[in-house]
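This report describes the fold of one protein and then turns to a single residue in it. Please look at the sequence and the structure before reading on.

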Amino acid sequence: MEKKKKIPPQLLRGSKTRKHLAREYEMSDSTFYRRLRALQLRLPRRLLVPEEYIVIYEHLGPPEITPPNTPQPPPEDAGP
């Protein structure tokens, strides 16, 4: 039996737009909409509350959480 990935709690805060969810999955809006259409998910035409976008997470899997940007060291050839 396939194990479901646990949805991290930080992803379940507040309402989200489809555009916001597409950004979480790091894909374009049109690709995300096509994926939803292929899954034949019926979602309301408004902001999605956690109960509604959990369905998306269950079908597509939770998006990867990337840590916040860390400062990059200066290039080696940068002189004074």
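Helices (H or I, at least four residues) and strands (E, at least two) are DSSP runs, numbered from the N terminus. The model is predicted, so local features need pLDDT of at least 70 and side-chain atom pairs count only at pLDDT 80 or more, while totals for chains, interfaces and linings use all residues. Residues are numbered from 1 along each chain as its sequence is written, and side-chain values use heavy atoms, with hydrogens and water left out.

The protein contains three helices and zero strands. Of its 80 residues, 29% count as buried, which means under 20% relative accessible area (1.4 Å probe, protein chains only).

Lys16 lies in the segment before α1. Lys16 counts as buried because its relative accessibility is 5%. Its side chain takes part in the pairs below; a polar contact is a pair of N or O atoms within 3.5 Å, where within protein one must be able to donate a hydrogen and the other to accept it, and residues adjacent in sequence count only if both atoms are side-chain atoms.

| Partner of the Lys16 side chain | Distance |
|---|---|
| Glu24, side chain | 2.6 Å |

Leaving aside neighbours within four places in sequence, Lys16 is also in contact (heavy atoms within 4.5 Å) with residues including Leu21, Tyr53 and Tyr57.

Definitions and conventions. Buried means under 20% relative accessible area, exposed over 50%, partly exposed in between (1.4 Å probe, protein chains only).
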